[in-house]
Amino acid sequence: MSKRFLAVLGATVLALGLTACGGEGAGGGGDTSGNKPADLTIGVAMPTQTSERWIADGNSVKEKLQAKGYKVDLQYAGDDIPTQSQQVDQMITQGADVLVIAAIDGTALSSQLQAAADAKIPVIAYDRLIRDSPNVNFYVSFDNYKVGVAQATALLVGLGLQNKDGSKGSAKGPFDIELFAGSLDDNNAHFFFDGAMDTLKPFIDDKSLRVKSGQTTIEQVAILRWQQETAQRRMEDLLTSSYNDGTRVQGVLSPYDGLSRGIITALQNAGYGAKGVKMPVVTGQDAEIASVKLINDGVQNSTIFKDTRLLAEQAVVAAEAFLQEKEPQANDTKTYDNGVKVVPSNLLPVQTVYKDDIKPVLVDSGYWTAEEVASGQAKG
């Protein structure tokens, strides 16, 4: 993906977002369409600073809003639900005109969203859908079902069961694999897992793939709060309980790079990747720099790149539309039912990154530098 392509895509997203139809005003307790940006505040609630992805998201949203003159109240909740609830309450009390929320638990903010609605403050769910509330005005994210499809496809490609062009691979199997999913309270985790399992099911059914542990439901394989250490412990337990007979795990479906690194640590501690023991095919998501280095070094197989620069840009576009008493334009009005309503959404594309894709997709676009890839550490 070239810089020019990204620039064009970003401009297209902006153009789509600013094409709006008239709607009921909903900002800061009244009509904000005539206000100067300097008089308006956007509250941005992010879940954690333990993931470089969320740090980058928060900073990007803040910088893009500040560049347009808006005041920004950016808060991180440290993966603590009561903290995030308190932070959102405070944003409402202090008169935020729009809220952008990446929820820790997609079901835990109903009272805050009701307070926002009572104050006529529009709420934009950022990447994680907020559930069980009618007071979610818009959703910006990626096509999360397709993320799961892409992860499962990368696993199949890595095992040789499928080629990158979608054609049948030369490998026959059977291959022993294990499955991981994200946190059950994150709506995206279910989309990722559904997309992946729909893709893997035919291969499981024809015995090309075998989940040796027998753990195939999302409840069995979910990792609470997406914690790397929890994923490492689960992988260690799987190796002890299901691979103590001399067999080797050959593939691991991992939905996030942080989990992947925990899984890889457990595998390496068990001797995988050394002394002729092949490292399993391990997938990932978010193109975190530590995992990009692992891919470059041939340790991790792949990651799913979600260009959060474009996601932040779309959040800004949606916020501005609400501040102008308009409705942001959605490109999906059917998929994201939060249990109470279908939330209008703007979904962005994703891309699978294998080793050969690091330079054209991540480095040439300016997402990471070659030096950062080599070191596995972000500079800025």
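I start with glutamate 325, which counts as buried because its relative accessibility is 13%. For the cut-offs, buried means under 20% relative accessible area, exposed over 50%, and partly exposed in between, with a 1.4 Å probe and protein chains only. Glutamate 325 is not a glycine, yet its phi is positive, about 60°. Its place is the loop between helix 11 (308-323) and strand 12 (326-327). Helices (H or I, at least four residues) and strands (E, at least two) are DSSP runs, numbered from the N terminus.

Before going further, the ground rules. This is a predicted model, in which local features need pLDDT of at least 70 and side-chain atom pairs count only at pLDDT 80 or more, while totals for chains, interfaces and linings use all residues. Residues are numbered from 1 along each chain as its sequence is written, and side-chain values use heavy atoms, with hydrogens and water left out.

Two other backbone items. Aspartate 132 also has a positive phi, near 60°, in a residue other than glycine. Aspartate 132 sits in the loop between strand 5 (123-126) and strand 6 (138-142), and it is partly exposed, at 40% relative accessible area. Then there is a cis peptide bond between glycine 173 and proline 174, with omega about 0°. Proline 174 belongs to the loop between helix 5 (144-159) and strand 7.

Now the charges. How many salt bridges does a search of the whole structure find? The count is 15, where a salt bridge is a side-chain nitrogen of Lys or Arg within 4 Å of a carboxyl oxygen of Asp or Glu. One of them pairs aspartate 286 with arginine 53, at 3.8 Å from N to O. This pair connects distant parts of the chain, 233 residues apart: aspartate 286 is in the loop between strand 10 (281-282) and helix 10 (289-296), and arginine 53 is in helix 2 (residues 52-67). Aspartate 286 and arginine 53 are both buried.

Another salt bridge runs from lysine 68 to glutamate 320, with the closest N and O atoms 3.5 Å apart. Here too distant parts of the chain are linked, 252 residues apart, with lysine 68 in the loop between helix 2 and strand 3 (71-76) and glutamate 320 in helix 11. Lysine 68 is partly exposed at 40% relative accessibility, whereas glutamate 320 is buried at 12% relative accessible area.

Lysine 146 and aspartate 143 form a salt bridge as well, their closest N and O atoms being 3.9 Å apart. Lysine 146 is exposed, at 52% relative accessible area, and aspartate 143 is partly exposed, at 22%. Through shared partners, salt bridges join Arg53, Asp57, Asp127, Asp286 and Lys306 into one network.

Next, a charged residue without a salt bridge. Glutamate 178, in strand 7, is buried and has none; the nearest side chain of opposite charge is arginine 234, 4.9 Å away. For that search Lys and Arg count as positive and Asp and Glu as negative, and His and the chain ends are not counted. What does the side chain of glutamate 178 make a polar contact with? The partner is the side chain of tyrosine 243, at 2.6 Å. A polar contact is a pair of N or O atoms within 3.5 Å; within protein, one must be able to donate a hydrogen and the other to accept it, and residues adjacent in sequence count only if both atoms are side-chain atoms.

Leucine 179 is in strand 7 too, and at 0% relative accessibility it is buried. Beyond four places in sequence, leucine 179 touches several residues, among them Met197, Val211, Arg234 and Leu253, a contact being heavy atoms within 4.5 Å.

That leaves helix 8. Its buried residues are Ala231, Arg234, Met235, Leu238, Leu239 and Ser242. Viewed down the axis of helix 8, these buried residues fall within an arc of 140°, so they line one face; the arc is that of the directions from the helix axis to the C-beta atoms. As background, an α-helix has 3.6 residues a turn, so residues three or four places apart point the same way. The face of helix 8 turned away from its buried side carries the exposed residues Asp237, Thr240 and Ser241. The cover over the buried residues of helix 8 includes strand 7 (175-179), helix 7 (218-221), strand 9 (251-253) and helix 9 (257-269).
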